[in-house]
Amino acid sequence: MTVLVTGGRGAVARALIGLLRERGIAVRAASSRPEDPDTVRCDLTDPSTFAAALKGVTSVLLYAEPSHIGAFAEEAAGAGVEHIVLLSSSAVLAPDAADSPVARTHLDVENALTASAVPATTLRPGSFASNALAWSRTCGRAGRSACPSPAPTATRSTRGTSPRPPSPCSPIRASAGARTP
Ligand SMILES: NC(=O)c1ccc[n+]([C@@H]2O[C@H](COP(=O)([O-])OP(=O)(O)OC[C@H]3O[C@@H](n4cnc5c(N)ncnc54)[C@H](OP(=O)(O)O)[C@@H]3O)[C@@H](O)[C@H]2O)c1
């Protein structure tokens, strides 16, 4: 069994490669821009890179890049791939998903895989908690993030209802006197 992990420089791919190797599972790391000789080039926008990346592979972790997904799925089927796991997004569940550029990207890949001969599993995560790491860089002395969401508004608790929790995208404010590590 060999697992091809596309998008090898990405956060999810790097974590997965480590976990698979810890479990003794053969991994072929792939990247559109490989940075070491052990990583194969697989640029999901360049079908000429698919055959070499997929040779001898049984499973694939696939990033959602729609431009040549049909060719990728066809090449995977021809190579004998038994299972593709797609890193999609919960954005596809929105009622207006087809009109949203981000959701549409993921939907197009999901639909192409559904139509392909290779069994596929689709993961639809919501917002990654690790996104907060990027926001945290904007938290300086003011203790406030530049997250582009409206400031949270106070909500009053009324009988039978609970106060609404702050949005996960609420600006972060340090309390007076709080020390940063
Ligand atoms: N962040 C969120 O809150 C969130 C929420 C829901 C879903 N998602 C999904 O998770 C993905 C982000 O995962 P991540 O955090 O691991 O990504 P990341 O760290 O931002 O890295 C971006 C990834 O895209 C890959 N990539 C870009 N162009 C490519 C190409 N032409 N061919 C192959 N791979 C390409 C890169 O791989 P190489 O440069 O190595 O090729 C890299 O793995 C999103 O694309 C989305 O599908 C994210």
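Let me start with one residue. Ala29 is buried, because 23 other C-beta atoms lie within 10 Å. A residue counts as buried if 20 or more other C-beta atoms lie within 10 Å of its own, exposed if 12 or fewer, and partly exposed in between, with C-beta atoms placed from the backbone.

A word on the source. This is a predicted model: local features need pLDDT of at least 70, side-chain atom pairs count only at pLDDT 80 or more, and totals for chains, interfaces and linings use all residues. Residues are numbered from 1 along each chain as its sequence is written.

Back to Ala29. Its place is in strand β2. Helices (H or I, at least four residues) and strands (E, at least two) are DSSP runs, numbered from the N terminus. Which residues does Ala29 contact, leaving aside its neighbours within four places in sequence? They are Val5, Gly8, Ile17, Asp38 and Thr39. Contact means that the C-beta atoms of two residues, placed from the backbone, lie within 7 Å. Leu16 is 13 residues from Ala29 along the chain, and their C-alpha atoms are separated by 10.0 Å.

Now the whole protein. It has five helices and six strands. Along the sequence, the pattern reads β-α-β-β-α-β-α-β-α-β-α. Of its 181 residues, 24% count as buried. Take contacts between residues at least 6 apart in sequence: 52% of them join residues at least 24 apart.

Next, the sheet. In general, strands of a sheet pair through backbone hydrogen bonds, either parallel or antiparallel. Here, six strands form an open sheet with parallel pairing, in the order β3-β2-β1-β4-β5-β6. Two strands pair if DSSP finds at least two bridges between them. Which strands stand at the edges? They are β3 (40-41) and β6 (120-123). Each has a single partner strand, so one side of each is left without a neighbour in the sheet.

Let's go through some pairs. Strand β1 (residues 2-5) and strand β2 (residues 26-31) run parallel, joined by four bridges. Val3 has Val27 as its bridge partner in β2. β1 also pairs with β4, in the parallel sense, over three bridges. There, Val3 stands opposite Ser59 in β4.

How many bridges join β4 to β5? Five, and these two strands run parallel. Leu61 has its bridge partner, Val85, in β5. β4 is mostly covered, with four of its five residues buried.

Thr58 is found in the loop between α2 (50-54) and β4 (59-63). Is Thr58 buried or partly exposed? It is partly exposed, because 14 other C-beta atoms lie within 10 Å. Not counting residues up to four places away in sequence, Thr58 touches Met1, Thr2, Val81 and Glu82. Take Glu82: it is 24 residues from Thr58 in sequence, but the C-alpha to C-alpha distance is 5.3 Å.

On to the helices. Helix α3 (residues 69-79) and helix α4 (residues 101-115) pack at an angle of about 35°, with their axes 9 Å apart. Axes are lines fitted to C-alpha atoms, for helices over the stretch in contact, and angles run from 0 to 180 degrees between N-to-C directions. What makes the contact? From α3, Ile69, Gly70 and Ala73; from α4, Asp108, Val109, Ala112 and Leu113. By class, five of these residues are nonpolar, one is polar and one is charged. Ala, Val, Leu, Ile, Met, Phe, Trp, Tyr, Cys and Pro count as nonpolar, Asp, Glu, Lys and Arg as charged, and the others, Gly among them, as polar.

Gly70 is partly exposed, because 16 other C-beta atoms lie within 10 Å. Gly70 and Asp108 are 38 residues apart in sequence, and 9.9 Å apart in space, C-alpha to C-alpha.

Last, the ligand. There are 23 residues around it, and Gly7, Arg9, Gly10, Ser31 and Ser32 come nearest. A residue is near a molecule if its C-beta atom, placed from the backbone, lies within 6 Å of it. Which element gives the largest share of the shell? Helix α1 (residues 11-22), with three residues. By class, the shell has nine nonpolar, ten polar and four charged residues.
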